[in-house]
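Keep the viewer handy as you read.

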Amino acid sequence: MTSWLPIAVDFRGDLRAALDRPGPTERLESLASLATYRLGFLETVQLDRTLGNLTLKEAPGFPAIRLALLASSTVDHLPPAIRIAGLRRKLLIEVHRGAYGQYRQELLDPRSSLHQFAPQVVLFSLTAREAIAGVPLTATAAEVDEAIARFVGDLRSLWRKAREIGNAAIIQQTFLDVSEPVFGGYDRIVPGAPARIIMRLNDQLCEAAARDDVLLLDVARASARDGIDAWFDVGRWLQGKLEIAPQAAPLYGDLVARILAAQRGLSKKCLVLDLDNTLWGGVIGDDGLDGIVLGEGSAAGEAHLALQHYAKQLKERGVILAVCSKNDAKIAEAAFRDHPEMVLGRSDISAFQANWDDKAHNLKAIAARLNIGIDSLVFVDDNPVERARVRQSLPMVAVPELPEDPAQYVRCLAEAGYFEAVAFTAEDRDRAQQYAANAEREALLGSAESMDDFLRGLNMSLLFGPFTEVDHARVVQLINKTNQFNTTTRRYAGEEIAHIAAQPDALTLQFRLLDRVGDNGLVSVMILRPTPDDEDVLEIENWVMSCRVFGRQLEFEAMNIAVDAARERGARALVADYIATAKNDVIRTLYPSLGFTEVKQPSPANGATRWLLDLASYVERDTHIVVREQQNDRPRDSVQIHPHSSRSVARRLDHIDDGNPA
Amino acid sequence: METQREDVPNWDSFNYINFIVAVEMEFAVKFKVADIESFANVGAIVTETTKMLA
């Protein structure tokens, strides 16, 4: 039932190896990686016992969650599966299991163990039996509705009670229909037939949950997919009043853990798709555009199409799409543009990596490009070798064990529940648009004759000004979050930025880049201050730029502006340190490329080089960016064309006129 | 084979269910509810399992 997880080759051996690791944290890491395999009920119990023996209530990188499980059936067998599914997501879930059938008393008694446990989440696992019990088969529709309304009303007061305990989040399990037909197909027509009551009950439950902001653990839906026999075993019910069959426990646990993870923003964000034999059948490099299997008319072609439709749906709800394929980029992109059966367009794909590099490398590039963690990627690839390699080098990437038959791809991906949601907000809807804007830029780049062409076509304009109070939060966030384009990796607290901005001799610059596709926001920040021994020399204390706008000539225009501003203050030179880190190699040659020369230092600090720019000899760089100065004392939208910028606009127009862009 | 519930420290109904589930999964058999209720010791489970496998 958890078929998207890879099979553990040697579970017992791996478990022993995990226990041989030196410290408890290492052991926990090993158990967590073991939890990413497909485990049956017994293996789950075994792994859970090992986890319990570590007696870790917390561990770095493993957030703890206290979950209370309140049930009207026996659920002793469910906590291990919940904990292991949590471990799969690096969550340490502590489960409080109420005494059998005692949840009402526990909720009402403030001295109960439930209250002492102080759950952050309360999960109600109730059977439909209580709801059906008093309703005779002969009940009228009105009587049934009344009984259901009463039952749901009671449920809502239970939710309120549970919420009163430290504002806990509530999850309600939908009602499993374990009834047998009484009339046959006619059950759905007779108001008092158990199947119909449960159907109505679930309906009313969903409405109440929506009103009360309660999340649903939808075992009813899961059992409709897997078959009721996979979820309910009448023998276990009779033997021990277990409504959830032990063999369903691992999936039950995963359904719970994915909701808990989603509440903490740990759901996956980006679906990365392979192309050949995944998004379409065949190999486009060999078979050509008209040789690939895709679209109506062939069963296999429709199977691949179904995956595209599903990906498109995910995109509409805010999941980012990316491509990672071993292919010639031009040929791969042509399929998106020119194949008539493609459902996904090039603009649906926010990051497109088609090349012959290692896929792990490309996945890292995708995460970096999209500015999201590698652990928020799901990678879908038909090739088991590629899957294994990615799992090995990037264990934080979710890689579903795709079945061999493309017809089953969508089911496998959907069942894994990587993108579990706990809300659907305006922001989600906009996300697709925001990333589409980036994709549009990519598409422009793809269609442009040259890089220069592309940049000109973007119609970029740059707003700049000193730090103002409204910018402080974003300035701090940008400086402290940026690792690549960060010259000194000096970090600042909020007050420090306010302090620097208030100093009259400090020169602060913030840059906001707009283009024809949209506003990229505040994307670069520079802080300059006079050096202690010569106030006519300004030192660039720090300069950061968001990786979203690399390669747009922004660094050139920003330096033009910095030089202008420094000249206005009567400065004659700029100095700057470049302090190398593991992550900022991308700007190793930044200062020399801007005309700075290295200052040899007698005893350089580790990894630091010092650079000097004589303002008298600075040659302004041409760019395709129109510059506007943002006025300090005016609202953000009020701008004035800066003298410097009108020069560069005029110059650019010259270039366009003589048809010879710089 | 003579081991009974009382012989195992901390044995409870949950352990018993796990044990039954383990045997059923391992040997792909399904015990009758009445049998599960009446197994006196490990030997009785072995006998019943062997009977079903025959």
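Of the 662 residues in chain A, 51% are buried. Bear in mind that this is a predicted model. Chain A has 26 helices and 19 strands, and its C-alpha trace spans about 95 × 65 × 55 Å along the principal axes. If you look at contacts in chain A with a separation of 6 or more, 71% of them are between residues 24 or more positions apart.

**Two sheets in chain A**

Let's start with the sheet of 5 strands, which is open and has the order 2-1-3-4-5, with parallel pairing. Its edge strands are strand 2 (92-97) and strand 5 (215-217) of chain A, each of which pairs on one side only. From one strand to the next, the twist averages 25 degrees. Inside this sheet, strand 3 (residues 121-125) and strand 4 (residues 169-173) of chain A pair in the parallel sense over 4 bridges.

Strand 7 (residues 320-326) and strand 8 of chain A run parallel and are joined by 5 bridges.

| Helix (chain A) | Strands it lies across (chain A) | Angle |
|---|---|---|
| Helix 4 (residues 78-88) | strand 1 (64-71) and strand 2 | about 165 degrees to strand 2 |

Generally speaking, nonpolar side chains tend to be buried together in soluble globular proteins. In this model the largest nonpolar core has 75 residues, and those with the most contacts inside it are Leu217(A), Trp231(A), Tyr252(A), Leu271(A), Trp280(A) and Phe336(A). Helix 13 (residues 249-263) of chain A gives the largest share of this core, 8 residues. Another core, of 46 residues, lies apart from it, with Leu444(A), Val523(A), Phe556(A) and Val563(A) among its members.

Helix 19 (residues 409-416) of chain A is worth a click as well. With 6 of its 8 residues buried, this helix is largely enclosed by the rest of the structure. The buried ones are Tyr409(A), Val410(A), Cys412(A), Leu413(A), Glu415(A) and Ala416(A). What covers them includes helix 10 (219-226), helix 13, strand 6 (270-273), helix 15 (299-316) and strand 9 of chain A. Just after helix 19 of chain A comes Gly417(A), with a positive phi of about 60 degrees.

**Chain B and where it meets chain A**

How many residues of chain A are in contact with chain B? There are 14, and they touch 12 residues of chain B. The area buried between the two chains is about 1100 Å², and carbon and sulfur atoms give 71% of that. On the chain A side, Leu42(A), Arg236(A) and Gln239(A) lose the most area to chain B, together 46% of what that side buries.

Within chain B, take helix 3 (residues 42-53). At 1.5 Å a residue its 12 residues should span 16 Å, and this agrees with the 17 Å between its end C-alpha atoms. Gly43(B), Ile45(B), Glu48(B) and Thr49(B) are buried in helix 3 of chain B. The buried residues of this helix pack against helix 1 (13-27) and helix 2 (33-38) of chain B.

Thr489(A) is not a glycine, yet it has a positive phi of about 50 degrees. You'll find Thr489(A) in the loop between strand 11 (485-486) and helix 23 (494-502) of chain A. Its relative accessible area is 23%, so Thr489(A) is partly exposed.

Ala28(B) also has a positive phi, near 50 degrees, in a residue other than glycine. Ala28(B) sits in the loop between helix 1 and helix 2 of chain B. Is Ala28(B) buried or exposed? At 70% relative accessibility, Ala28(B) counts as exposed.

Technical notes:
Residues are numbered from 1 along each chain as its sequence is written. Chains are lettered from A and ligands numbered from 1 in the order in which they are written. This is a predicted model: local features need pLDDT of at least 70, side-chain atom pairs count only at pLDDT 80 or more; totals for chains, interfaces and linings use all residues. Side-chain values use heavy atoms; hydrogens and water are left out. Two strands pair if DSSP finds at least two bridges between them. Axes are lines fitted to C-alpha atoms, for helices over the stretch in contact, and angles run from 0 to 180 degrees between N-to-C directions. Contact means heavy atoms within 4.5 Å. The expected span of a helix is 1.5 Å times one less than its number of residues. Buried means under 20% relative accessible area, exposed over 50%, partly exposed in between (1.4 Å probe, protein chains only). A nonpolar core is a set of buried Ala, Val, Leu, Ile, Met, Phe, Trp, Tyr and Cys residues joined through side-chain atoms within 4.5 Å. Buried area is the accessible area (1.4 Å probe) that two parts lose on being put together, summed over both.
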